[in-house]
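The following report describes the architecture and packing of one protein chain. Please read it alongside the sequence and the model.

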Amino acid sequence: MTETPSMQLAQRLALALPAALLAGAYISQYGFGLYPCEMCWWQRWPHFAALALALLSFFVPNKKLLVALAAGGILTSGAIGFFHAGVEYDLWEGITSCAAAPLPGDGQSALDAIMNAPLVRCDEAPWTLFGISLAGFNFLLSTLGGLTILRLLAKDKAV
């Protein structure tokens with residue numbers, strides 16, 4: 001069965017989008033010291049799943065199902081990002097208020113590492129661009145990307 005251009009694009013987008021968003025999250029964390037709060041981690045897990053599903057779709061015959069599931073993971077992360085952004089903008093209460101970020105091992109005791117770990121609050125955006133937080137950008141990009149993937153899959157007429 002020949003893959004249509006819309007299926008190929010959906011498959012590539014399902015792989016590239018979570019990879020890019022996760023790369024951005026890790027660059028923000030390790031390159032700029034923007035440690036993730038608990039809800040930030042919640043947004044990463046569906047992207048990990050979407051990435052794995054999209055990657056697997058390159059090696060199995062039923063690509064469409066796996067790409068659709070990857071799109072679902074991307075949309076799930078976007079929904080969590082929407083909730084997190086609402087917490088950051090004080091639109092509603094969050095489920096949790098803070099989480100401690102892990103520190104790199106520098107030979108100190110575990111207790112000292114825990115006690116000296118920076119506290120990262122879920123209700124404060126550590127960085128914004130044009131008033132949009134990282135959670136807000138995840139919502140926008142994941143929702144747009146996930147819906148685009150599903151639209152491309154709907155257009156796919158396997159030849």
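## Helix α5 and its surroundings

The buried residues of α5 pack against α1, α2, α3 and β4 (132-133). Helices (H or I, at least four residues) and strands (E, at least two) are DSSP runs, numbered from the N terminus. The buried positions of α5 are Ala135, Gly136, Asn138, Ser142, Gly145, Gly146, Ile149, Leu152 and Leu153; buried means under 20% relative accessible area, exposed over 50%, and partly exposed in between (1.4 Å probe, protein chains only). Contact, here and below, requires heavy atoms within 4.5 Å.

At 1.5 Å a residue, the 22 residues of α5 should span 32 Å, and the 31 Å between its end C-alpha atoms agrees with this. The expected span of a helix is 1.5 Å times one less than its number of residues.

## Basis of the model

The model is predicted: local features need pLDDT of at least 70, side-chain atom pairs count only at pLDDT 80 or more, and totals for chains, interfaces and linings use all residues. Residues are numbered from 1 along each chain as its sequence is written, and side-chain values use heavy atoms, with hydrogens and water left out.

## Overall organisation

The protein chain contains 5 helices and 4 strands, arranged along the sequence as α-α-α-β-α-β-β-β-α. Of its 159 residues, 35% count as buried. Among contacts between residues at least 6 apart in sequence, 74% join residues at least 24 apart.

The chain exposes about 9,100 Å², of which carbon and sulfur atoms supply 70%. Accessible areas come from the Shrake-Rupley method with a 1.4 Å probe; for residues, only the protein chains shown count as cover.

## Helices α1 and α3

Helix α1 (residues 5-32) has 28 residues, which at 1.5 Å a residue should span 40 Å; its end C-alpha atoms are 38 Å apart, in agreement. Its buried residues are Ser6, Met7, Ala10, Gln11, Ala14, Leu17, Pro18, Leu21, Leu22, Ser28 and Gln29. Their cover includes α2 (38-56), α3 (63-88) and α5 (134-155). Glycine 33, with a positive phi near 70°, follows α1.

The 26 residues of α3 should span 38 Å at 1.5 Å a residue, and the separation of 37 Å between its end C-alpha atoms agrees. Just after α3, aspartate 90 adopts a positive phi of about 60°.

## The largest nonpolar core

In soluble globular proteins, nonpolar side chains tend to be buried together. A nonpolar core is a set of buried Ala, Val, Leu, Ile, Met, Phe, Trp, Tyr and Cys residues joined through side-chain atoms within 4.5 Å. The largest one here has 14 residues, of which Ala10, Ala14, Val67, Ala70, Ile74, Ile149 and Leu153 touch the most other members. Helices α1, α2, α3 and α5 each supply at least two residues of this core, and α1 gives the most, with 5 residues.

Residues up to four places away in sequence aside, isoleucine 149 touches Ala10, Leu13, Ala14, Val67, Ala71 and Ile74.

Glutamine 29, in helix α1, is buried, with a relative accessible area of 2%. Beyond its neighbours within four places in sequence, glutamine 29 is in contact with Leu34, Tyr35, Pro36 and Arg44.

Serine 57 lies in the loop between α2 and α3 and counts as buried at 0% relative accessibility. Leaving aside neighbours within four places in sequence, serine 57 is in contact with Gln11, Lys63, Leu66 and Val67.

## Aromatic pairs and a charged end

A pair of aromatic rings is described by the distance of the centres and the angle of the planes. The structure holds 7 aromatic pairs; rings of Phe, Tyr and Trp (its six-membered ring) pair if their centres lie within 6.5 Å, and planes under 30 degrees apart count as stacked, over 60 as edge-to-face and the rest as tilted. The rings of phenylalanine 82 and phenylalanine 139 have centres 5.1 Å apart and planes at 50°, so this pair is tilted. The pair links distant parts of the chain, with phenylalanine 82 in helix α3 and phenylalanine 139 in helix α5, 57 residues apart. Phenylalanine 82 is partly exposed at 44% relative accessibility, as is phenylalanine 139 at 27%.

Ring pairs also link Tyr26, Tyr30, Trp41, Trp45 and Phe48 into a cluster. The charged end of arginine 44 sits over the ring of tyrosine 26, 4.5 Å from its centre, and over the ring of tryptophan 41, 4.5 Å from its centre. A charge sits over a ring if NZ of Lys or CZ of Arg is within 6 Å of the ring centre and within 35 degrees of the ring normal.
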